[in-house]
Amino acid sequence: MNFYCITGGPGVGKTSLLNQLGTIYPIIPEVARQIIREQMDNQGEALPWKNKAHYTELMLERSVKSYREVQLSNTKSPVFFDRSILDTLCYAEMIGYGISAEMDFCARTYRYNPKVFILPPWSAIYTTDEERKQTWEEAEQTYGLMKATYEKYDYQVIEVPKDTVENRKCFVLGELS
């Protein structure tokens with residue numbers, strides 16, 4: 001149970017926190033951003049503003065693949081995932097796609113540590129970019145739905161305080177023991 005998730009809505013400081021944690025432990029990058037970059041580079045359709053269903057399917061496939069790759073490495077060290085399989089389920093619910101039997105199976109099969117770290121919406125640091133197009137209201141909604149999704153699958157959701165990146169890192173590391 002050394003697979004830890006860092007989650008939350010868009011623009012809440014996950015990447016900054018993960019970069020700090022990555023100086024100590026392995027981190028697994030967010031698959032959604034990878035997919036968006038690839039699709040944009042190749043004029044693909046699997047984008048959240050084009051073909052949401054195909055985008056969701058790719059997110060699930062890549063999330064499971066990254067989980068399995070880390071699992072096969074047999075690492076004993078804590079590993080931090082920038083989002084997880086459950087984030088895909090949350091997204092599927094948000095767009096009205098629903099949670100398929102395959103998604104539910106994956107969420108129940110590929111388990112992470114019961115402690116999941118969620119970063120709350122924080123307007124002072126929120127920005128949009130080429131890949132993050134959500135409004136502030138959508139970011140707030142995402143937070144609530146993420147929390148509910150993880151709780152539905154019996155995870156203990158721990159809110160990371162709004163603070164400096166260093167203090168957030170210390171908070172997360174303090175919760176590991």
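1. Gln43 sits in the loop between α2 and α3. Helices (H or I, at least four residues) and strands (E, at least two) are DSSP runs, numbered from the N terminus. The phi of Gln43 is near 55°, a positive value in a residue other than glycine.

2. Before going further, please keep in mind that this is a predicted model, in which local features need pLDDT of at least 70, side-chain atom pairs count only at pLDDT 80 or more, and totals for chains, interfaces and linings use all residues. Residues are numbered from 1 along each chain as its sequence is written, and side-chain values use heavy atoms, with hydrogens and water left out.

3. Which other residue has a positive phi although it is not a glycine? Take a look at Asp154, with a phi of about 65°. Asp154 belongs to the loop between α6 and β5 (156-159). With a relative accessible area of 61%, Asp154 is exposed. As background, most residues other than glycine have a negative phi.

4. Next comes helix α2 (residues 31-41), where Val31, Ala32, Arg33, Ile35, Ile36 and Gln39 are buried. The cover over these buried residues of α2 includes α3. Asp41 also has its place in helix α2, but Asp41 counts as exposed at 60% relative accessibility. From Asp41 to Leu60 there are 19 residues in sequence and 21 Å in space, C-alpha to C-alpha.

5. Now for the helix pairs. Two packed helices are described by the angle between their axes and the distance between the axes. In this note, axes are lines fitted to C-alpha atoms, for helices over the stretch in contact, and angles run from 0 to 180 degrees between N-to-C directions. Angles under 35 degrees count as roughly parallel, over 145 as roughly antiparallel, 65 to 115 as roughly perpendicular and the rest as oblique.

6. Start the tour with helix α3 (residues 52-72) and α4, whose axes come within 8 Å and cross at roughly 165°. The two helices are therefore roughly antiparallel to each other. The crossing of α3 and α4 is left-handed, meaning that the near helix is turned anticlockwise from the far one by less than a right angle, while clockwise would be right-handed. On the α3 side the contact is made by Lys52, Tyr55, Thr56, Met59, Leu60, Ser63, Val64 and Tyr67, and on the α4 side by Ile85, Thr88, Tyr91 and Ala92; contact means heavy atoms within 4.5 Å. These contact residues divide into eight nonpolar, three polar and one charged. Ala, Val, Leu, Ile, Met, Phe, Trp, Tyr, Cys and Pro count as nonpolar, Asp, Glu, Lys and Arg as charged, and the others, Gly among them, as polar.

7. Helix α4 (residues 85-94) also packs with helix α5 (residues 101-109), at an angle of about 150° and with the axes 9 Å apart. That angle makes α4 roughly antiparallel to α5. The α4 and α5 crossing is left-handed. Ile85, Leu86, Leu89 and Ala92 of α4 make the contact with Met103, Cys106 and Ala107 of α5. What kinds of residue make up the contact of α4 with α5? They divide into seven nonpolar, no polar and no charged.

8. Helix α1 (residues 14-21) and helix α7 (residues 165-176) have axes that come within 9 Å and cross at roughly 65°. This makes α1 roughly perpendicular to α7. Their crossing is right-handed. The contact joins Ser16, Leu17, Gln20 and Leu21 of α1 to Val165, Glu166, Arg168, Lys169, Val172 and Leu173 of α7. Here the residues divide into five nonpolar, two polar and three charged.

9. How many disulfides does a search of the whole structure find? The search finds zero, a disulfide being a pair of cysteine sulfur atoms within 2.5 Å. For Cys106, the closest cysteine sulfur is in Cys5, 14 Å away, too far for a bond. Cys106 is buried, with a relative accessible area of 7%, whereas Cys170 counts as partly exposed at 43%.

10. Finally, find Thr142 in helix α6 (residues 136-152). Thr142 counts as buried at 7% relative accessibility. Leaving aside neighbours within four places in sequence, Thr142 is in contact with Gly9, Pro10, Cys90 and Met94.

Note on methods
Buried means under 20% relative accessible area, exposed over 50%, partly exposed in between (1.4 Å probe, protein chains only).
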